[in-house]
Amino acid sequence: MSLERYQYLSNVWKDGIFDNKVVFCTGGAGTICSAQVRAMVHLGANACIIGRNVEKTENMAKDIATARKGSKVIGIGAVDVRKPEALAAAAEKCAQELGSIDFVIAGAAGNFLAPMDQISANAMKSVIDIDVLGSYNTVKATLPYLVESASKHKTNGKTEPPNGTGGRIIFVSATLHYSGTPMQSHVSVAKAGVDAMAMSVAIEQGPKGITSNVIAPGPIADTEGVARLSKQEGRDKSAKGIPSGRYGSVKEISDATVYLFSDTGNYVNGEVLVVDGGAWHTSGVG
Ligand code: HXC
């Protein structure tokens, strides 16, 4: 399923801006995260994607590698983000095989539709563990590499960093918790935690040259998230309620990613970038 550039990345970005850089991504076999990584690879990066399913993750890595001739993309499957030792081993393998970790996307997430009274304690814990603990494990495992990457560009507060800065984190969150979203109490709690973590990391690690931001996608067409959460027949109606009048595309999440990871995002830290066509402002869509 090799994709054309216009399907995962806008034409405004220059080829080569991520040359010699490495992106590490959990949830990397999923629709949104694979597009984010594909865009980075297209623009010069090598990549390591992490997933639970071995075959799906390895196949996706091969497919992403087609975005740029000569790229290196590793797929490490059988990694559950809830297990810190598995992530530490994956981060080490990534750095050994690709030379560094300059960018991290904490994208692994779990979701299903269920009202609170039908969510068992274990179901609640599973989602919180995948989203919150998984994001924490991801950052914990990769932070030493990110700090090393950022140290090459540290400015000591004097000037803006040189081109090609590394040491950046994007957490993939959601907009569900901005208002009360029925059937989504588990994910709302988890994503609020992810947002809070991103802010703390920004404040704590900023002085080391790290940036930590959140991308909060709204309803994005053709994704597992939307497939899990809505039926096709309801989607046309709900798209009309979005101020932009449509669902988003994975390309729009990739573009936000490149913005935050490239020099355009040098001075953005501790922010949530909502990419949802204005949906959450209307309440009830998101
Ligand atoms: C109620 C459910 C359930 C459902 C599972 N459970 N599905 N409860 N309704 N539909 C319960 C189980 O019964 C069990 O509780 C507990 O959850 C754990 O389930 P397991 O299957 O044993 O665990 P695990 O394999 O870890 O699965 C985690 C999962 C699953 C989150 C439940 O859905 C998953 O693996 N999802 C990963 C992929 C995914 O969700 N991607 C979409 C991300 S989209 P008991 O008590 O029986 O033991 C996204 C975007 C959000 O996050 C924003 C969208 C706009």
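Guide: Two residues are in contact if their C-beta atoms, placed from the backbone, lie within 7 Å. This is a predicted model, where local features need pLDDT of at least 70, side-chain atom pairs count only at pLDDT 80 or more, and totals for chains, interfaces and linings use all residues. Residues are numbered from 1 along each chain as its sequence is written.

Visitor: Which residues of helix 4 meet helix 5?

Guide: Among those in helix 4 are Ala 123, Val 127 and Tyr 136, and their counterparts in helix 5 include Val 187, Ala 190 and Met 197. Helices here are DSSP runs (H or I, at least four residues), strands are E runs of at least two, and both are numbered from the N terminus.

Visitor: What makes helix 4 roughly parallel to helix 5?

Guide: Helix 4 (residues 121-151) and helix 5 (residues 185-205) pack at about 15°, with axes 8 Å apart. Axes are lines fitted to C-alpha atoms, for helices over the stretch in contact, and angles run from 0 to 180 degrees between N-to-C directions. Angles under 35 degrees count as roughly parallel, so helix 4 is roughly parallel to helix 5.

Visitor: Why do strand 3 and strand 7 stand at the edges of the sheet?

Guide: The open sheet has 7 strands in the order 3-2-1-4-5-6-7, with parallel pairing. Two strands pair if DSSP finds at least two bridges between them. Strand 3 (73-76) and strand 7 (272-275) each have a single partner strand, so one side of each lacks a neighbour in the sheet.

Visitor: How do you know that strand 2 and strand 3 pair?

Guide: Strand 2 (residues 46-50) and strand 3 share 4 bridges in the parallel sense, and Cys 48 stands opposite Ile 74 in strand 3.

Note on methods:
Parallel < 35°, antiparallel > 145°, perpendicular 65-115°, else oblique.
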